Amino acid sequence: MAASEAGSWSTYSSSTSPGRPADPLDAVVTRASPFDSGSDLAAFRRLEAAEHRSRFLSRASLLLDASLDYEVTLRAFADLVVPELATLVIVDVLEEDGSAHRVCAKHACTEEIADLFMRLPVGAEDLPITERALRGGPPELVADLAASPGGDSSAALALLAAGSCLTVPLRARGRTLGAIALLTDRSRPSYTAEDMALAGELAERAALAIDNARLYRAAQRAIEVRDDVLGAVSHDLRNPLGAISMCATVLGAAPITPPARVRELADVIGEAVEGMYRLIGDLVDAASLEAGRLSLERRPEDLMTLVARAMEMLRGAARDGEVEMVIELPERLPPVLADAQRVLQVLWNLLGNAVKFTPAGGRVTTRAAVDGGFVRVAVTDTGVGIPAEDLPRIFHRFWTRPRKGSAPSTGLGLAIARALVEAHGGRVWVESAVGRGSTFHFTLPVAAPEW
């Protein structure tokens, strides 16, 4: 083989390692050639190398399609790549929240070296092998790590006696899902452009496997969410329907019902119907927000009036729960540019949750202050508080805070509140500590900046 072909795919296709069974495909590179001339021999070897490459990619595809657990699949994939294409392979994956973690590090000979690379954090300062690829950078080939800028400064790379390196991003549907790094030691030829092309094809297949596994996982979560929502909705509808049924039975059984009793039963029916309408409204709002169809009718509104109306709507629930409701607003506040009904919906959700999670004898306080070009509203309770691990999910659709003895909930209220505030150009956040209560903040733009 010509010197220019050193490090090509055919170089690695015939390699074996102790304890690894011989692959019948490896023999394809060494069988006798029917050609006599040097050019014919080179062409023959290129053809056989291409054949082996095609079969290798087929094996990789079958392996990557074998499971919907992508971490298990990628570890098996590393077993296929090492030592055939690399002395060491590293696979890093980006989670959906943007964090990165190392799925596997596989070395051709020793587990100690693999464990060392596995323990190194992704993007470590002295070993940023996949860092650029994880940030969306292009594939990279470093023919000689020792001669690269910075040199072979990593103790891990020195232990490996690293020679060359290929780093390829894992991309699917326009998103970077992770990165693969292939490294050789100095006993093997340096990688070439041909090797990079092969690594790119492997990365495409690996990325597709990750994407498919995540889509499947998302579908499973959606099914679970659907079942949870159906259970919560059926519960929320069963209670008011039971109340209506009970009232209808009482009215139908009594030949003459006193007017006061009729009014009492009519109030119960009205409250039940209002609760059902509210639930249906939440479901419709969630669908409209997701589809981007929700419209706002914004005009200058007096925030004090809106807060007072929202608190009045919850006076009964607060009284029943023995929770004090307090308003602490400055004497003057600028008008906010808002859709009054939608702001009432935000306030009702935040205040309703505060009353619900505050024990008897507690307090719910609403405050407001000017914050630049916005008015910031804060709803503070003296309730049970929210665990730190739940805070990142508190505004997610269909997520509910587990509470012993509480009725199921659709988990839409806070998600809708956040979407409505953001539709106004504001933002919403929460501060909380278990046992010390919570404060939900949101901002609305001032209607008259010169105020």
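A residue is called buried when its relative accessible area is under 20%, exposed when that area is over 50%, and partly exposed in between (1.4 Å probe, protein chains only). Helices (H or I, at least four residues) and strands (E, at least two) are DSSP runs, numbered from the N terminus.

The model described here is predicted, so local features need pLDDT of at least 70, side-chain atom pairs count only at pLDDT 80 or more, and totals for chains, interfaces and linings use all residues. Residues are numbered from 1 along each chain as its sequence is written, and side-chain values use heavy atoms, with hydrogens and water left out.

**The chain as a whole**

The protein chain has 12 helices and 12 strands. Of its 451 residues, 42% are buried. A contact means heavy atoms within 4.5 Å. Among contacts between residues at least 6 apart in sequence, 68% join residues at least 24 apart. The accessible surface of the chain (Shrake-Rupley method, 1.4 Å probe; for residues, only the protein chains shown count as cover) comes to about 23,100 Å². Carbon and sulfur atoms account for 55% of that surface.

Helix α12 covers residues 413–423. Its buried residues are Gly 413, Leu 414, Ala 415, Ile 416, Ala 417, Leu 420 and Val 421. Gly 425 follows α12 and has a positive phi, near 90°.

Helix α3 covers residues 70–81, which is 12 residues. The expected span of a helix is 1.5 Å times one less than its number of residues. For α3 this gives 16 Å, and the end C-alpha atoms are 16 Å apart, which agrees.

Which residues of α3 are buried? They are Tyr 70, Thr 73, Leu 74, Phe 77, Ala 78, Leu 80 and Val 81. These residues lie on the same side of α3, because they cover an arc of only 155° around the axis. The arc is that of the directions from the helix axis to the C-beta atoms. An α-helix has 3.6 residues a turn, so residues three or four places apart point the same way.

**Salt bridges**

Side chains of opposite charge can pair when their charged atoms come close. A salt bridge here is a side-chain nitrogen of Lys or Arg within 4 Å of a carboxyl oxygen of Asp or Glu. By this rule the count is 15.

| Pair | N to O distance |
|---|---|
| Lys 106 and Asp 79 | 3.4 Å |
| Glu 131 and Arg 135 | 3.2 Å |
| Arg 315 and Glu 312 | 4.0 Å |

Salt bridges that share partners also join Arg 173, Arg 175 and Asp 211 into one network.

The salt bridge between Lys 106 and Asp 79 links distant parts of the chain, 27 residues apart. Lys 106 is in strand β2 (residues 100–107), and Asp 79 is in helix α3. Lys 106 is partly exposed because its relative accessibility is 31%. Asp 79 is also partly exposed, at 42%.

In the second pair, Glu 131 is partly exposed at 31% relative accessibility, whereas Arg 135 is exposed at 60%. In the third, Arg 315 is partly exposed, with a relative accessible area of 32%, and Glu 312 is exposed, at 55%.

**Cysteines**

How many disulfides does the structure hold? There are zero, where a disulfide is a pair of cysteine sulfur atoms within 2.5 Å. Are Cys 104 and Cys 247 buried or exposed? Cys 104 is buried because its relative accessibility is 7%. Cys 247 is buried too, with a relative accessible area of 0%.
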